[in-house]
Amino acid sequence: PPLSQGAEGLAGRHVVVTSGPTHEPIDPVRFIANRSSGKQGHAIAAAAARAGARVTLISGPVTLEDPPGVDVRRIETAQEMLAAVKSALPADVFVAAAAVADWRVEAAAQKIKKSGAPPSLTLVENPDILATVAAPGQDRPGIVVGFAAETGDTVRRAQEKFLRKGCDLLVANDVSSGVFGADENTVHIVTASGVEDWPRLGKEEVAERLAGRLARMLADRNS
Ligand code: CTP
Ligand code: CA
């Protein structure tokens with residue numbers, strides 16, 4: 001697809017993107033995970049690279065090809081994703097498109113056998129990668145973008161999440177009806193200046209528009 005207007009403003013910038021799910025082991029053969037194909041995150045990494053950015057993509061387990069011209073680092077768990085993001089910083093832009101598992105399991109070292117009563121799993125909260133990167137500090141990227149997957153009252157919940165996470169822009173989508181694995185997405189863009197509703201678009205097109213939008217935000221800050 002063609003470059004969205006102004007996306008060339010990303011040229012030479014370092015953009016770090018998280019994408020895909022994380023897998024949290026239960027034991028050596030089982031895991032819990034979040035739904036995510038990685039399509040939207042990978043499309044954003046690809047669009048930023050086409051716009052001339054240096055792109056680092058931290059990806060959970062997905063079946064997608066690596067986007068051309070992108071430095072892809074593969075991880076499995078949320079803790080590995082956080083470590084990979086930290087080692088990729090500093091960056092001009094951080095985009096948290098991954099569906100990070102909110103909890104990990106106190107994993108068993110040996111395969112849990114089926115004999116006897118079903119096991120109970122003890123869950124431990126994972127680090128919030130987006131909130132960690134968005135927190136004020138020396139390494140904070142100039143622009144931090146979050147995503148919100150909601151199943152009702154999407155915009156209001158997204159506005160709350162925008163404030164809570166400390167990001168500069170939040171991409172909200174209603175996941176009640178078949179976003180996962182689909183090629184299209186209907187999103188709302190939340191910033192400090194309000195909410196924009198984008199029409200239903202291909203995930204590639206959402207990525208292009210977002211790249212253009214981020215380039216303009218960077219340009220505005222430097223002017
Ligand atoms: N996120 C993250 N690390 C986590 C959880 C979420 O970086 N441990 C990021 C996601 O990549 C996304 C944003 O935070 O950009 C919002 O994720 P979401 O699951 O919608 O929000 P949560 O804060 O986890 O709240 P909840 O799942 O309860 O709605
Ligand atoms: Ca979550």
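User: Hi! What should I know about the model and the numbering before we start?

Analyst: It is a predicted model, where local features need pLDDT of at least 70, side-chain atom pairs count only at pLDDT 80 or more, and totals for chains, interfaces and linings use all residues. Residues are numbered from 1 along each chain as its sequence is written, chains are lettered from A and ligands numbered from 1 in the order in which they are written, and side-chain values use heavy atoms, with hydrogens and water left out.

User: Great. What volume does the largest pocket have?

Analyst: About 970 Å³. A pocket here is an open set of points on a 1 Å grid over the protein atoms alone, where a 1.4 Å probe fits, with protein on both sides within 12 Å along at least five of seven lines; a cavity is a set where that probe fits but cannot get out, and lining residues have an atom within 4 Å of a point. Grid points are joined across faces, edges and corners, and the volume is the space filled by probe spheres set on the points.

User: And which residues are closest to the centre of the largest pocket?

Analyst: Asn34, Ala98, Ala99, Val100 and Ala149, out of 40 lining residues. The elements giving two or more residues to that lining are strands S1 (14-19), S3 (30-33) and S9 (143-150), plus helices H1 (39-50), H3 (129-134) and H4 (154-165). Helices (H or I, at least four residues) and strands (E, at least two) are DSSP runs, numbered from the N terminus.

User: How does the lining of the largest pocket divide into nonpolar, polar and charged?

Analyst: There are 18 nonpolar, 13 polar and nine charged residues. Nonpolar covers Ala, Val, Leu, Ile, Met, Phe, Trp, Tyr, Cys and Pro, charged covers Asp, Glu, Lys and Arg, and the others, Gly among them, count as polar.

User: What about the second largest pocket, which element gives the largest share of its lining?

Analyst: That is H1, with four residues. The second largest pocket has a volume of about 220 Å³, and its lining includes Lys39, His42, Asp183 and Lys203. By class, that lining has five nonpolar, one polar and six charged residues.

User: How many cavities of 30 Å³ or more are there?

Analyst: One. The largest cavity holds about 40 Å³ of space, and its lining is made of Leu10, Val15, Ile44, Ala48, Val93, Val95, Leu210, Ala211 and Leu214. Three of these come from H5, the largest share. The lining has nine nonpolar, no polar and no charged residues.

User: H1 keeps coming up. Is it mostly covered or exposed?

Analyst: Mostly covered: ten of the twelve residues of H1 are buried, with buried meaning under 20% relative accessible area, exposed over 50%, and partly exposed in between (1.4 Å probe, protein chains only). The cover over those buried residues includes S1, S4, S6, S9, strand S11 (184-185) and H5. H1 reaches 16 Å from its first C-alpha to its last, close to the 16 Å expected at 1.5 Å a residue; that expected span is 1.5 Å times one less than the number of residues. After H1 comes Gly52, with a positive phi near 95 degrees.

User: And what does H5 reach from its first C-alpha to its last?

Analyst: H5 reaches 29 Å with its 20 residues, close to the 28 Å expected. Its buried residues include Val206, Leu210, Leu214 and Met217.

User: Switching topic: what are the protein donors of the calcium ion?

Analyst: Both entries are Asp102 (OD), lying 2.5 Å from the calcium ion, ligand 2. Donors are N, O and S atoms within 2.8 Å of the metal (3.2 Å for Na, K and Ca), and sites may look incomplete because water is not among the atoms. Asp102 sits in the loop between strand S6 (93-96) and strand S7 (103-105).

User: Where is the cis peptide bond?

Analyst: It joins Leu89 and Pro90, with omega about 5 degrees. Pro90 lies in the loop between helix H2 (78-88) and S6.

User: Last one: why does Thr56 count as buried?

Analyst: Thr56 counts as buried because its relative accessibility is 1%. It lies in strand S4 (residues 54-59). Beyond its neighbours within four places in sequence, Thr56 is in contact (heavy atoms within 4.5 Å) with residues including His14, Val16, Asp71 and Ala88.
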